[in-house]
Amino acid sequence: MRILLLEDNPRLREPTAGALRSAGFAVDPYGALAEAQVGLQTFEYDCIVLDLGLPDGDGMDLLGALRRRGSPIPVLLLTARVDAASVVSGLDSGADDYLRKPFNMDELVARIRALLRRPGKALPNVLQDGNIALDVKERRATIDGAIVDFSRREVGALEMLMRFSGRVIQKSSLEEALYAYDEEVGGNAIEVLIHRLRKKLAGAGANREIVTLRGIGYLLSEIRQ
C-alpha cells in the first residue's frame with residue numbers, strides 16, 4: 001500500500017514517514033502542494049495523509065480537486081486548527097477522517113488501516129493463503145502457525161503476492177508499492193528480494209511458491225505435487 005504524505009514541517013514529516021514505513025507502507029513525503037500534485041499525476045496512491053496549512057496553498061484545495069474529479073482515494077486530514085468549523089468543513093469537502101496535531105503515530109497508523117478496510121478496499125487484518133498467514137497490522141507472517149523471520153520489505157512483497165494470489169504482479173508494480181520515489185532501487189533489487197522470499201518460504205515448509213513469469217512478473221501459486 002502506497003501513501004502520499006503532504007506535510008510542510010520536516011520535523012513532523014520525516015518521523016511520520018518513518019512511522020508509516022515501519023508499519024509496512026511505502027511512503028512518498030511531500031512538503032508543498034505543487035510537489036504533491038506532481039506525485040498524484042505520477043503514481044497511484046491508496047491513501048493520502050494531508051496537512052492543511054501549506055507554503056503554496058491549502059490542503060483543502062487539493063482535497064476539493066480530488067473529489068470534483070471523482071477520485072475515491074481515502075484522505076486523512078492533519079490539522080492544527082482546533083475549531084469545529086474547520087473540521088466540519090474538511091469532512092464536508094470529502095475528507096474521510098482527521099487527526100489534530102500533535103497526534104500519536106500509532107493512532108495515525110490505526111486510522112489509515114481502518115480507512116483501507118472500508119468497502120472497496122482490500123486490507124483485512126489477516127491474510128491467509130494455504131498454510132501461510134500474514135497479520136497485516138503486526139507485520140508478522142506464520143507458516144503452519146510458526147513465525148517466520150521476514151524483513152520489512154519481504155513482508156511487503158509477500159502481502160502483495162497474497163492479496164493477488166494466483167494473479168500475476170508486474171515487477172514495476174512491486175517496485176512502486178515497496179519503494180518510495182526518493183529511494184534508490186537497483187536494477188535487480190526486486191529479483192534479489194523475490195529470491196530471498198522464495199527461499200524462506202520453501203525453507204519454512206510453505207505449500208505455496210512464487211512463480212516467475214519471465215518478462216511479465218510474479219505470482220503466488222499452490223505447489224503442485
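Buried residues are those with under 20% relative accessible area, and exposed ones are those with over 50%. The views below all show a predicted model.

**View 1. Threonine 79 in strand 6.** Threonine 79 belongs to strand 6, which spans residues 75-79, and it counts as buried because its relative accessibility is 5%, under the 20% limit. Apart from neighbours within four places in sequence, the residues in contact with threonine 79 are Leu52, Tyr98, Leu99, Arg100 and Lys101.

View 2. Strand 6 pairs with strand 7 in the parallel sense over 4 bridges, and leucine 76 is found opposite aspartate 97 of strand 7.

**View 3. The salt bridge between aspartate 51 and lysine 101.** The closest N and O atoms of aspartate 51 and lysine 101 are 2.9 Å apart in this salt bridge. Aspartate 51 lies in strand 3 and lysine 101 in the loop between strand 7 and helix 5, so the pair ties together parts that are 50 residues apart in sequence. Aspartate 51 is buried, at a relative accessible area of 3%, whereas lysine 101 is partly exposed, at 25%.

View 4. Arginine 196 forms a salt bridge with glutamate 154, with their closest N and O atoms 2.9 Å apart; the pair links helix 8 (residues 189-203), which holds arginine 196, with helix 6 (residues 152-163), which holds glutamate 154, across 42 residues. Glutamate 154 is buried, with a relative accessible area of 1%, while arginine 196 is partly exposed, at 37%. Arginine 163 and glutamate 159 also meet in a salt bridge (2.7 Å, N to O), and because they are 4 residues apart in helix 6, about one helical turn separates them.

**View 5. Confidence along the chain.** The protein chain has a mean pLDDT of 87, with 94% of its residues at 70 or more. Confidence is lowest in helix 4 (residues 84-92), at a mean of 72, and highest in strand 11 (residues 146-148), at 95.

Note on methods
Residues numbered from 1 in each chain as written. Predicted model: local features only at pLDDT ≥ 70, side-chain atom pairs only at ≥ 80, totals over all residues. Heavy atoms only, no water. Helix = DSSP H or I, 4+ residues; strand = E, 2+ residues; numbered from the N terminus. Buried < 20%, exposed > 50% of the residue type's maximum accessible area, 1.4 Å probe, protein only. Contact = heavy atoms within 4.5 Å. Pairing = 2+ DSSP bridges. pLDDT = per-residue confidence, 0-100. Salt bridge = Lys/Arg side-chain N within 4 Å of Asp/Glu carboxyl O.
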